Amino acid sequence: MIAYSVSGGVGMLGLSAPPFNMITFALLDDLRAALGRADLDPQVRGIVITGRSDHFSAGADVGLFRDLASAEEAVRISRVFQEAFQAVEDSRKPVAAAVAGRVMGSALELAMACHFRVCAPGARFSMPEVTLGINPGAGGTQRLPRLVGAQEALRMLLTGEAVDAQQARALGLIDAISEGGDCLESARAVLRSAQGPRRTSQCTDKVGNAAANEAAFRQGRERLAGVRPEIIAPRKILEAVEAGLKESFKAGLRKEQEGFAECMSTLATRNKIHLFFAARETGRIPGLPAGAAADITKAAVIGMGSMGTGIAQALIAGGIRVVALDQDRAALERGADRIRGSVAKRVEEGRLAPDAAEGMLRLLSTTADWPDVADAQLVIEAVFEDAAVKRAVIGQVEAACGAAAIIASNTSTISLDVLAEGMRRPERLIGMHFFNPAHRMPLVEIIRRAATPANVVATAVRLAKTLGKTPVLVRNREGFLVNRLFIPYLKEAFWLLEEGADAPAIDSAMVEFGFPMGPLALIDMAGLDVLVLTDRVLAKAFPSHGPLSKIAARLVERGYLGQKSGSGVYRYDKGDRTPRPSAEAAQVIAEVRRSEGRAPRPVRKDEITRRLVLRMAGEAFHVMEEGIAERESDIDVAMVLGTGFPDFCGGVLNYARHLGLGNVRADLERLAAQCGPRFSPCRLLRETEGV
Ligand code: NAD
């Protein structure tokens, strides 16, 4: 796993574990053996550890700790990594890392154990363990502060955010960037001028000021204030950094081992790891022949409203040329302005280099003329959610584009079979359902009809990945996957409101459960009119879901649409998105309760949570039974990425399985008796073994 060679007095240790140079125990063994060989080799005066010219290493194999049985085993894994990297640092001959690509987690920990680091210009560096719910276990909490200072190290460790090569150079994480040149040559040059090993554990210049360290710890503690109690990794990271700087490097390493084991023993971390693997699975689609996917280099977006604008931005950010078409020239202007503004903001924030931003914007053009989209290989329509409008637009796309062009609809609810009616080449139609805002939200539902050929599916999946998104493949049926589960959840919130629960009580129950925002505040943000329209399509397709509470329709009739009209379920002051009690909404709610003959009753928090969560879980089993989703874990990923379902619960079905399917069944039956057939467990759930 380590290719060993010597030239010009330098021992080259090339990581060679295709495809991603994942760090496993076997690789660590080989690395130690190769270091020993270089140490004994009289021709070798310096050592370079490197990977592929475009990619150093993907870091530790997360599979190593997926099935950990005990805390002792977790401590052992951490110790094996720490000791192997310590052996690198202890080398008597100077060691330089020559790295490229995304250098993350243990890959960066390995590089930091080297005495010097050089990188290719596009390299990015991060310690993303915290996003998995763990603290780094291979010395990262100790070496990073010694290289970049406690404050910057804690920022990277606690956010998981990446820095680019220039930032890494400025921070002191990297010694040199091989601008335009050969990374290995730069590493040799660094070794030539080195005065022997520079051991990271002994570097003190960035961490010598106790007052500055203390200020960094204070800031770190402030960052922890908003972290949920289920998630202990940030606290463990801070403890390890503090121990390392206040006591010793060794004490810090021990804290790291213990913290890693403690994190691994929590359900929240195991759930996050479940999602990590589940998200990788969604991209693996059974039955898709290799090589079926085409590369899209030129796309068109039809409809430059809120979604089309975000989709166009996601496409250009993925390096794809885009023509955006809208019938309304003002919408085109507004959309292009929004994209320019958003890109400029990223530059201001230091997240995007100015020349990269210019390059991106050059990929975008706008038009109101159909012939301009003629050479697009893939066209995404994001016009109004109206079947007749969409069909007409699809007809125009077919007339304007070549026969091979793929037509993707961003419809939220309408069955693709309805949109395919009257098409000349219905097999070219697919669903690509982006979420709002499309340039930021990480999920894309790829919707295939029975007649959609594998190469069209494969191309859409590849495009979503090119955009850095997670594709989840679903079969065609109204609402697809996420809206199929989430609209019933939002409807349930209105039922609870009608029965007597207060809006803030409903919202805070779900925030306490782990959602970033409650359902009613969310629907105020998206627009109550959107819920009413969406429900029209879904209620027809799924009569057992029951009606939407009249409260929603009544609010819309009176013009209380949510944030955009200044009032919805809540009231909003101008320029302020804080939900406040609304007298108008209270009046509408009281009217509906009266007209429906309902005496409002107190609704306890546990009923709110149970009904809202089980409404989604029950529907998720229907989706499995109907074969809409490929696998249960796809539903988990889609709900976490698409709706903010808490990741520390591992997604809605993972959560249901933890509750016990027997309990879920019994609860759903009770709720069906109390509230109606929308809660009835489906056949799959009734027949599934297990409790
Ligand atoms: P929008 O009203 O903001 O934008 C629609 C745009 O389409 C407008 O600019 C309009 O001028 C243009 N348009 C309409 N008819 C056209 C035609 N015949 N030719 C060319 N352009 C035309 O709508 P939106 O919120 O961006 O939604 C677009 C689609 O995305 C809908 O299908 C919607 O269901 C779906 N969607 C929306 C969201 C969301 O949160 N808004 C999320 C996911 C999917």
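Student: Is Phe480 buried or exposed, going by its relative accessibility?

Tutor: This is a predicted model, in which local features need pLDDT of at least 70 and side-chain atom pairs count only at pLDDT 80 or more, while totals for chains, interfaces and linings use all residues. Residues are numbered from 1 along each chain as its sequence is written, and side-chain values use heavy atoms, with hydrogens and water left out. Buried means under 20% relative accessible area, exposed over 50%, and partly exposed in between (1.4 Å probe, protein chains only). Phe480 has 0% relative accessibility, so it counts as buried.

Student: And what is the phi of Phe480, which is not a glycine?

Tutor: Phe480 sits in the loop between strand E19 (470-475) and helix H19 (482-499); helices (H or I, at least four residues) and strands (E, at least two) are DSSP runs numbered from the N terminus. Although Phe480 is not a glycine, its phi is positive, at about 55°.

Student: Where does Asn21 lie?

Tutor: Asn21 is another non-glycine residue with a positive phi, about 55°. At 3% relative accessibility, Asn21 counts as buried. You will find Asn21 in the loop between E2 and E3.

Student: What is omega for the peptide bond from Asn436 to Pro437?

Tutor: Pro437 is in the loop between strand E17 (429-434) and strand E18 (443-448). The bond from Asn436 to Pro437 is cis, with omega near 0°.

Student: How many residues of H10 are buried?

Tutor: Helix H10 (residues 233-246) spans 20 Å from its first C-alpha to its last, close to the expected 20 Å, where the expected span is 1.5 Å times one less than the number of residues. Its buried residues, including Lys236 and Glu242, pack against helices H5 (140-148), H6 (150-159), H9 (210-224) and H11 (249-264). H10 is mostly covered, and of its 14 residues the buried ones number 11.

Student: Which residues touch the most other members of the largest nonpolar core?

Tutor: A nonpolar core is a set of buried Ala, Val, Leu, Ile, Met, Phe, Trp, Tyr and Cys residues joined through side-chain atoms within 4.5 Å. Leaving aside neighbours within four places in sequence, Val652 is in contact (heavy atoms within 4.5 Å) with residues including Leu485, Ile635 and Phe645. Of the 102 residues in the largest core, those touching the most other members are Phe494, Ile635 and Val652.
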